[in-house]
Amino acid sequence: MASILVLHDKYTRPDGNIVEMKIWKVPASRTYPQGYKYSLVYIVKGERIIGYDNAEGKGHHRHSIKKEDSYNFKNISKLISDFFNDIIKIERDR
């Protein structure tokens with residue numbers, strides 16, 4: 001099975017910030033045991049503020065400004081929810 005793009009959503013918010021989500025269904029493997037590859041990013045003034053991905057060799061992880069932490073992936077719905085909750089929190093703290 002080839003990878004299948006199941007979600008690609010990119011938009012610019014009224015404040016100019018960019019939200020982009022890409023999720024692919026891929027064959028389950030050691031690298032992608034859940035069968036998904038993903039990249040979700042929130043960009044403010046050209047800088048990645050929040051990012052979630054499971055880049056090959058790194059596993060599930062989350063980027064926040066200058067920090068990278070592992071991410072406990074449960075499912076796609078929870079991933080998207082966590083991503084938007086981070087955006088809400090950042091916007092509230094600004």
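1. Let's start where helix H1 begins. A side-chain oxygen of Asn75 comes to within 3.1 Å of the backbone nitrogen of Ser77, at the start of H1. Please keep in mind as you read that this is a predicted model.

2. Now the helix itself. H1 covers residues 76-93, 18 residues in total, and spans 26 Å from its first C-alpha to its last, close to the 26 Å expected at 1.5 Å a residue. Its buried residues are Ile76, Leu79, Asp82, Phe83, Asp86, Ile87 and Ile90. Viewed down the axis of H1, these buried residues fall within an arc of 135°, so they line one face of the helix. You will notice Asp82 and Asp86 among the buried residues of H1. On the face turned away from the buried side, H1 carries the exposed residues Ser77, Lys89 and Arg92.

3. What lies over the buried residues of H1? The cover includes four strands: E2 (18-25), E3 (36-44), E4 (47-53) and E5 (61-64).

4. Next, the core. The largest nonpolar core has 17 residues, and those with the most contacts inside it are Tyr38, Leu40, Tyr42, Ile50, Tyr52, Leu79 and Phe83. At least two residues of this core come from each of E2, E3, E4 and H1. Which element gives the most to this core? That is H1, with five residues.

5. E3 and E4 pair in the antiparallel sense over six bridges, and Ile43 stands opposite Arg48 in E4. E4 also runs antiparallel to E5, to which it is joined by four bridges; here Ile50 stands opposite Ser64 in E5.

6. His60 sits in the loop between E4 and E5, and with a relative accessible area of 18% it is buried; the cut-off for buried is under 20%. Which residues does His60 contact, leaving aside its neighbours within four places in sequence? They are Gln34, Tyr38, Asp53, Asn54, Ser70, Tyr71 and Phe73. Two of these partners also make polar contacts through their side chains: the side chain of Gln34 meets that of His60 at 3.1 Å, and a polar contact of 2.6 Å joins the side chains of His60 and Tyr38. His60 and Tyr71 are 11 residues apart in sequence, yet their C-alpha atoms are 5.2 Å apart in space.

7. Finally, some backbone angles for you. Most residues other than glycine have a negative phi, and most peptide bonds are trans. Lys45 has a positive phi near 50°. Lys45 belongs to the hairpin of E3 and E4, which has two residues between the strands. With 81% relative accessibility, Lys45 counts as exposed. Ile65 also has a positive phi, near 50°, in a residue other than glycine. Ile65 is found in the loop between E5 and strand E6 (67-70), and at 49% relative accessibility Ile65 counts as partly exposed.

Key. Residues are numbered from 1 along each chain as its sequence is written. This is a predicted model: local features need pLDDT of at least 70, side-chain atom pairs count only at pLDDT 80 or more; totals for chains, interfaces and linings use all residues. Side-chain values use heavy atoms; hydrogens and water are left out. The expected span of a helix is 1.5 Å times one less than its number of residues. Buried means under 20% relative accessible area, exposed over 50%, partly exposed in between (1.4 Å probe, protein chains only). The arc is that of the directions from the helix axis to the C-beta atoms. Contact means heavy atoms within 4.5 Å. A polar contact is a pair of N or O atoms within 3.5 Å; within protein, one must be able to donate a hydrogen and the other to accept it, and residues adjacent in sequence count only if both atoms are side-chain atoms. A nonpolar core is a set of buried Ala, Val, Leu, Ile, Met, Phe, Trp, Tyr and Cys residues joined through side-chain atoms within 4.5 Å. Two strands pair if DSSP finds at least two bridges between them.
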